[in-house]
Amino acid sequence: MTMMGGGSVFGGAGNAPGLPFAGVPQEMQAGVDALIADEPQHLTEPVVFSHRRGERDRRPLTLRRLLARHKRSLVAALALVAVESATLQAGPKLTQVGIDDGILKHSMTVVVTVALIYLASVGLTGLASAARVRVTGRLAAWVMHDLRITVFTHLQRLSMGFFTAEKAGVLMTRMTSDVENLQQLVQDGLAQFAIQGLTMVVVTAVLFGYNVKLALITVVVIVPVLTALSLWFRHASNIGYSRARDGISATLADLSESLHGISQVRASDRRSRNILAHRKVVGQYRDANDDTALINGIYGPSTQLVGFLGQAMILAVSGHMVLRHELTVGELIAFSLYLNSFFAPIQQLVQLYNVYQQGQSSVTKLRELLDTEPTVAESPDAAELPPVRGELLFEDVGFGYLEDRPVLSGVNLRVRAGETIALVGPTGAGKSTLARLIVRFYDPTGGRVLIDGHDLRDLSITSLRRQLGVVPQEPFLFGGTIRDNVSFGRPEATDEEVWEAIRATGLESLVERMPEGIDTVVHERGQSLSSGERQLLALARAFLVRPRVLVLDEATSNLDLQSESRIEAALDALLEGRTAVLVAHRLSTAMKADRIAVVDDGRVIEVGGHDELVAAGGRYADMFATWSRHGGAPHEP
Ligand SMILES: Nc1ncnc2c1ncn2[C@@H]1O[C@H](COP(=O)(O)OP(=O)(O)OP(=O)(O)O)[C@@H](O)[C@H]1O
């Protein structure tokens, strides 16, 4: 739980009893203080966000770089791994001494001493292991924490084009399964790698130390078979895991799309089709998991079988050697115990290789994401935009979302400071695109967009956005209260200012009817407000920020007459005294603007006042005539 700094939240025993909140009883205050002191503190200091990445963030993401920030934990983990691997190997040697020097020579002292040392080594292994798990767990938690914040910050930096091109589900996979793969690798995989690797080296040396002949048999006969099996497993499981990764990506992408479009799914009664489609992606994921389970099922038991056969062979040879007094019984037992510790790491290492592979491929995918440069970048010598009057100028602007498909070409348009200009035209003409260029969601591919004579590309993005307000076609409401949503662009606004915005946009009666006024929580994605109310709330949000320049994309949804007139009144209040570019889908809105620009096929073909354009008898006059014929109210100047 996040807790801001500062004093006690509870009033203590000083509050008068009988009032609605009488405070914490004295006898409980100590407990409450202890509880608060125990609360974990998360960073709540202000974030300094930069549109440009710092030098540190520019270096490509690697596992080593992720770990390097936590050197102390890493060194501690390695030291504990070394202790764990060494103490683990004491058992067989102690068994041998116990048998040869204790049991066979009837020395109780040796047996007891060896048993005590054994006990101590087991205890030490347990302690080292517990400490190692704690250290690597903490290390993994921090690495994941850093990574999630780095990726999230980078996503904030990326341009709109990236989000429209990339499926939301795929981005979710980066933040979920890719980050979790890495967590698994850092938390246990790397430590196990080190333990098993070290164990193999130590045990090989010990085996040769005990008996060169037996060790050679092990290395020459058994190891090649195990190696061949392991190479097959590595190859097969690589393919399997890569299919499984694609499977989970597709499953999450499909799930996220279905959830976002749930109302459309219901309305079009696509439920059974969607279930079928989801069944298909989930089925592919299951197939991939089935395959990896099969591969594991073949590899695990067959390596075990090879291990047992090898042990049987070694036992036959070493038994023969004991009979010929070339080996003691204790040495035979110790050798076969060490043999176990020799086979186990081979199996484990191959399995771990998969964890490593998965982790590495996740690092690669996250690296690709972090290396994506924002297309709308802030220039290194970006200037602060001084307070503007709000004149906008499009100079021979060309733009296309895709390289070979121009959406705008040769657009020239001047929006005077303080005027409201409406963009009208057929659907797909490029009206919203023009609006997006003003707020620099995209940069033009040709020509320039200027505000008060400054090319937008030369300005710091923050200073530009501070003076711009945007009301999108479908306003997004965030999970939180009405107050949070209205003050989204200016969280420091006072209650009075929030109320003023609510009153100006005619939301007052609605908010007053709500159970907790401006503190009423509206649901995620604003499902608890009607579409008209959501639009009004978006207008209130813009009103509170009081930007010099407003860009409004008029909602296309049909509202009842009352809501429409409320929105029109709210617009009047909002547009007063500022420059506004209004993407108008209704001529009734457009004709109230100071001037109208007709956009067709990516060009501005007419600009002028309503009467002027009607009199000119051009494209706008045609649109107006059609609109009037179909029941639009005739314009009364
Ligand atoms: N993110 C995008 N990626 C690729 N093409 C896009 C994207 N957004 C819009 N387009 C295309 O650009 C063209 C202009 O779209 P735009 O949204 O500007 O039209 P509009 O005039 O605002 O239409 P409407 O009145 O329907 O809102 C359309 O052909 C559209 O398909």
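In this predicted model, residues 73-90 are 94% helix and 0% strand.

The ligand site was examined next. A shell of 15 residues surrounds the ligand. Thr427, Gly428, Lys431, Ser432 and Thr433 are the closest of these. Helix α13, which spans residues 431-438, gives the largest share of the shell, with four residues. By class, the shell holds seven polar residues, five nonpolar residues and three charged residues.

In Thr433, a polar side-chain atom lies 2.4 Å from an oxygen atom of the ligand. Ala429 contributes through its backbone, where an N or O atom is 3.1 Å from a ligand oxygen atom. Arg405 uses its side chain, with an N or O atom 3.3 Å from an oxygen atom of the ligand. On its own, the ligand has 640 Å² of accessible area, and the protein covers 70% of this.

The structure holds two cavities of 30 Å³ or more. The largest cavity contains about 200 Å³ of space. Its lining comprises 19 residues. Gln535, Glu554, Ala555, Ile567 and Leu571 are the closest to the cavity centre. Three elements each supply at least two lining residues: helix α18 (531-545), strand β9 (549-553) and helix α19 (561-575). Of these, α19 gives the largest share, four residues. The lining of the largest cavity is made up of eleven nonpolar, five charged and three polar residues.

The second largest cavity has a volume of about 30 Å³. Leu437, Arg440, Tyr442, Asp443, Pro444, Val449, Asp455, Leu456 and Arg457 line this cavity. Five of the lining residues are nonpolar and four are charged. No polar residue takes part in the lining of the second largest cavity. Leu437 of this lining falls within the residue range of helix α13, 431-438.

Definitions and conventions. Residues numbered from 1 in each chain as written. Predicted model: local features only at pLDDT ≥ 70, side-chain atom pairs only at ≥ 80, totals over all residues. Heavy atoms only, no water. 1 Å grid on protein atoms, 1.4 Å probe; cavity = no way out; pocket = protein on both sides within 12 Å on 5 of 7 lines; lining within 4 Å. Points joined across faces, edges and corners; volume = space filled by probe spheres on them. Nonpolar A, V, L, I, M, F, W, Y, C, P; charged D, E, K, R; others polar. Near = heavy atom within 4 Å. Polar contact = N/O pair within 3.5 Å; in protein donor to acceptor, adjacent residues only side chain to side chain. Areas by Shrake-Rupley, 256 points an atom, 1.4 Å probe, with all protein chains shown as cover.
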